[in-house]
Amino acid sequence: MNRLAQACVMIFFAGAVLRASVTDLHLRYVKEELRPFLIAASLLLIAAAVMTLWYELRPYAVRPGDQTDADDPVAENHEHAHHEPRVAWLLILPALGLLLVAPPALGSYAAGQAGTALTAQESDDYPPLPAGDPARTSVFDYAARALFDKGRSIGNRRVELTGFITPGPGGEPLLARMIMSCCAADGRPIKLGMTGNPPTGLASDTWIQVTGRYTDRVTRDPVNDEEIPYIDVESWRPVTAPKNPYDEMG
């Protein structure tokens, strides 16, 4: 792989990152706050690639008496003796995948492989739920209030949660949402059991909106033996996946 090929790969890779950054595609892999850094990094890569192309393709004059590489057998042999490994072309595969077949956000498979992320008390003081009936909140917020506040800050109010279906240890559907600190590599699941009128017959990774009330029922996550709270479901309906599939931590 010579410098021209390297520059082309850089442009291709940077273009894929830039496309993901200016659309909502990047929300599958990183937090929203990292978008400016992704855009800046991709623009720097494009600039570096363009400068490399200009340097390699710029016209230059050979003065009379100057020896060119064509006249120098040592230089010719040196050029033919040093080839970059063809495996370097594999660098183009991530960019090609991002452009043509963008991997989905973390879902039920990742949730089933990891234990619930609520492993320590998140807060001693919870603000009132948002106004409205039902109160719209996150899976993370409800689960934290249910476990660590014993539902006191929820009371008898109805709440509305949005998440995806993931199978529980006994095959029963759980409501889940992934959270992340930086990127999908550190993604962890928040899981909720559902009692009352839980959904049935839904495939894994189906996004639903659940309306229900607090219940003190809990179970254990077989992955890390941490508690999983429940919600007493009154109604539910399928919904499209949100623009940002990851839950807000607090």
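This is a predicted model: local features need pLDDT of at least 70, side-chain atom pairs count only at pLDDT 80 or more; totals for chains, interfaces and linings use all residues.
The buried residues of H1 are Ala5, Ala7, Val9, Ala14, Ala16, Val17, Ala20 and Ser21.

Strand E3, formed by residues 173–179, has six of its seven residues buried, and it is therefore largely enclosed by the rest of the structure. Strand E3 pairs with strand E2 (residues 159–167) in the antiparallel sense, over four bridges, and in this pairing proline 167 stands opposite proline 173 of E3. The hairpin of E2 and E3 has five residues between the strands, and within this hairpin glycine 171 takes a positive phi near 90 degrees.

Strand E3 is also joined to strand E4 (residues 188–196), the two running antiparallel with five bridges between them. Along this pairing, arginine 177 stands opposite isoleucine 190 of E4, while isoleucine 179 stands opposite arginine 188 of E4.

Strand E4 is in turn joined by four bridges to strand E6, which covers residues 227–238, and here the strands run parallel. Glycine 193 has tyrosine 230 of E6 as its bridge partner.

Key
Residues are numbered from 1 along each chain as its sequence is written. Side-chain values use heavy atoms; hydrogens and water are left out. Buried means under 20% relative accessible area, exposed over 50%, partly exposed in between (1.4 Å probe, protein chains only). Two strands pair if DSSP finds at least two bridges between them.
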